[in-house]
Amino acid sequence: MSLVVVARADRPLVRTCQVVGHFLAHRRRRQPERGVEPLLGIWRDPAPLETVTALGRPPTAAGTGPLVQESFGHEGEWYACRLAADPGPPGEMETLGTLLGLLLEAAGPKGGAGFAPCFPGATPEHRIASRLERLSGRFPDTLTRPVTQDRETGRLLPQPDPRTIQAP
């Protein structure tokens, strides 16, 4: 199953990646049979517990797709949430679009939230840039810096936002 992290918006993304990456690496060492669970992204939220609680509620009559099966983490700071249904492969447009729609619905109309999409560590920069550009069109003012995940260790590495890099 895939994971999504819901973390406090007022904490630096780099710090969230360090702490969650260490946690995922620790779980991998303690439970090697599980392998590295793919992270789809980090939802940065001013009230992470409210969003995790909303994601854990049963689906609406319209059947809203993946919901949280279980969550674990550091209370009030970040929660790694295992999704009950897998929306698709990490870093793919359809997967990220579906997940973002669900997160925006669960979070409600509060401001200050943002999404750091996660890509497998071997994803080429041009592919990350292309997907961020397309997602920005569908979800304006929602994306933050992308993150990559090492498939062997589970560690997370924030990447520069290719949308803000100026060509020489």
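**Cavities and helices**

Author: The count is 1 cavity of 30 Å³ or more. On a 1 Å grid over the protein atoms alone, a cavity is a set of points where a 1.4 Å probe fits but cannot get out, and lining residues have an atom within 4 Å of a point. Residues are numbered from 1 along each chain as its sequence is written. This is a predicted model, in which local features need pLDDT of at least 70, side-chain atom pairs count only at pLDDT 80 or more, and totals for chains, interfaces and linings use all residues; side-chain values use heavy atoms, without hydrogens or water.

Reader: What volume does the largest cavity have, and which helix gives the most to its lining?

Author: A volume is the space filled by probe spheres set on the points, which are joined across faces, edges and corners. The largest cavity has about 80 Å³. Helix 1 (residues 13–30) gives the most to its lining, with 3 residues; helices here are DSSP runs (H or I, at least four residues), as are strands (E, at least two), numbered from the N terminus. Among the lining residues are Leu3, Arg27, Glu37 and Thr153.

Reader: Helix 1 also holds Gly21. Is Gly21 buried or exposed?

Author: Buried means under 20% relative accessible area, exposed over 50% and partly exposed in between, with a 1.4 Å probe and protein chains only. Gly21 is buried, at 1%. Its contacts (heavy atoms within 4.5 Å) include Gly154, Arg155 and Leu156, leaving aside residues up to four places away in sequence. The C-alpha atoms of Gly21 and Leu157 are 8.3 Å apart, although 136 residues separate them along the chain.

Reader: How does one read the sides of a helix, and which residues of helix 4 are buried?

Author: An α-helix has 3.6 residues a turn, so residues three or four places apart point the same way. In helix 4, the buried residues are Ile128, Arg131, Leu132, Leu135 and Ser136. They cover an arc of only 140° around the axis, which puts them on the same side of helix 4; the arc is that of the directions from the helix axis to the C-beta atoms. The face turned away from this buried side carries the exposed residues His126, Glu133 and Gly137.

Reader: Against which elements do the buried residues of helix 4 pack?

Author: They pack against helix 3 (93–107), strand 5 (114–120) and strand 6 (147–149). Just after helix 3, Gly108 takes a positive phi of about 75°.

Key
1 Å grid on protein atoms, 1.4 Å probe; cavity = no way out; pocket = protein on both sides within 12 Å on 5 of 7 lines; lining within 4 Å.
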